[in-house]
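Subject: Structure for your review

Dear colleague,

Please find the structure below, handed over for your own work.

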Amino acid sequence: MEGLKDKVIVFAGAGGIADGVAQYLGQSGAKIVVGDINIASAERCIEVVKNAGGDGVATTLDIANEEQVKALVAFAISEFGQINGLFNVAANIDPTEVAQDTNSVDIDLACWQRNIDINLTGYMLTTKYATPHIIAAGGGSIVNTISDAVYANMPDKLSYSVTKAGVGALTRNTASRFGKQGVRCNAVSPGLVLTESGKQNSGHLVDMVLQMIPAPRVGTPEDMGAFVAFLLSDMAAWITGQTVCVDGGAIMRT
Ligand SMILES: NC(=O)c1ccc[n+]([C@@H]2O[C@H](COP(=O)([O-])OP(=O)(O)OC[C@H]3O[C@@H](n4cnc5c(N)ncnc54)[C@H](O)[C@@H]3O)[C@@H](O)[C@H]2O)c1
């Protein structure tokens, strides 16, 4: 992919979809700095980028912790001297909290707060500290990961859906406020993507999704990787403030 060579992209979060993005960025000669609460996950992402021909470094990050977000950005600058892009992809995947994330009558308040802290405040914090460096580098691209849960009829997953909808607003605010300084900001909304953690949902859920979507299969990390890498590249220079569903047609909006 053109328009990525030697660009430095900070990943806030690693995992299956991040690995798909790292694959394309590596093939395109980019450098990545990956922070994740699970260092093994961040290191695996670096292995992917290096095997594909790029470069990168991993570090530990709790995206909900402001000091750790500042440290991630400082680490990227100290390693590579600039930041050209940011990919926000972390999400609270704690199984207990996922199970407690129900509806407005039954939800556990601690679960609600933790999802707000990671999935929403965390994305704001990375944007806050990375954006000045992106501007200093002459502009660049931010990609936020949301979810079809924002649009779908889902009686549960209240706080997850609310945080992802909030990231949509963060995306449009960032695009509006910093566009003239060369910062593009878009959100990508995956449908069911079979990452390692997603495979735990396979079987019944896959069958259900396949009945609902026009595409003949569910998504792969590579499907997400191709599109996110495109948004991070200069090839997407005139795309900003958008929320795009990459979901096999599960959600169709004008
Ligand atoms: N896989 C899907 O079907 C799907 C569908 C819709 C949306 N999404 C979104 O895509 C993104 C990636 O999903 P995935 O399937 O690759 O998930 P994944 O579980 O493979 O990766 C999520 C990563 O977030 C990290 N993380 C959790 N809490 C963190 C914290 N406090 N600080 C830093 N990192 C933290 C985890 O350690 C993990 O590596 C998420 O934002 C998710 O909400 C995924």
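Apart from residues within four places in sequence, asparagine 103 is in contact with Pro155, Asp156 and Leu158, where contact requires C-beta atoms, placed from the backbone, to lie within 7 Å. The C-alpha atoms of asparagine 103 and leucine 158 are separated by 5.3 Å, although the two residues are 55 residues apart along the chain. Asparagine 103 sits in the loop between helix H4 (95–100) and H5. Helices (H or I, at least four residues) and strands (E, at least two) are DSSP runs, numbered from the N terminus. Asparagine 103 counts as exposed because it has 12 C-beta neighbours inside 10 Å. The scale is as follows: a residue is buried if 20 or more other C-beta atoms, placed from the backbone, lie within 10 Å of its own, exposed if 12 or fewer, and partly exposed in between.

**Basis of the model**

This is a predicted model, in which local features need pLDDT of at least 70, side-chain atom pairs count only at pLDDT 80 or more, and totals for chains, interfaces and linings use all residues. Residues are numbered from 1 along each chain as its sequence is written.

**Overall form**

The protein has nine helices and seven strands. Along the principal axes, the C-alpha trace spans about 45 × 40 × 35 Å. Of the 254 residues, 51% count as buried. Among contacts with a separation of 6 or more, 74% are accounted for by residues 24 or more positions apart.

In soluble globular proteins, nonpolar side chains tend to be buried together. Here the largest nonpolar core has 67 residues, and those with the most contacts inside it are Val10, Phe11, Val21, Leu25, Cys45 and Val228. Helix H5 (residues 109–136) gives the largest share of this core, seven residues. A core of this kind is a set of buried Ala, Val, Leu, Ile, Met, Phe, Trp, Tyr and Cys residues joined through C-beta atoms within 7 Å. Not counting residues up to four places away in sequence, valine 228 touches Val21, Phe87, Val143 and Val188.

Leucine 120 lies in helix H5 and is buried, with 20 other C-beta atoms within 10 Å. With residues up to four places away in sequence left out, leucine 120 touches Thr163, Gly166 and Val167. Leucine 120 and tyrosine 160 are 40 residues apart in sequence and 9.4 Å apart in space, C-alpha to C-alpha.

H1 has twelve residues and reaches 17 Å from its first C-alpha to its last, close to the 16 Å expected at 1.5 Å a residue; the expected span is 1.5 Å times one less than the number of residues. Eleven of the twelve residues of H1 are buried, so the helix is largely enclosed by the rest of the structure. Glycine 29, which follows H1, has a positive phi, near 80°.

The ligand is surrounded by 27 residues, of which the closest are Gly15, Ile17, Ala90, Ala91 and Ser147; a residue is near the ligand if its C-beta atom, placed from the backbone, lies within 6 Å of it. Helix H1 (16–27) and helix H7 (196–199) each supply at least two residues of this shell. The shell divides into 14 nonpolar, eleven polar and two charged residues, with Ala, Val, Leu, Ile, Met, Phe, Trp, Tyr, Cys and Pro counted as nonpolar, Asp, Glu, Lys and Arg as charged, and the others, Gly among them, as polar.

Most residues other than glycine have a negative phi. Aspartate 6 has a positive phi, near 65°; aspartate 6 is found in the segment before strand E1 (8–12) and is partly exposed, with 13 other C-beta atoms within 10 Å. Lysine 157 also has a positive phi, near 65°. Lysine 157 lies in the loop between strand E5 (140–145) and helix H6 (158–178) and is partly exposed, with 17 other C-beta atoms within 10 Å.

Yours sincerely

Note on methods. Two residues are in contact if their C-beta atoms, placed from the backbone, lie within 7 Å.
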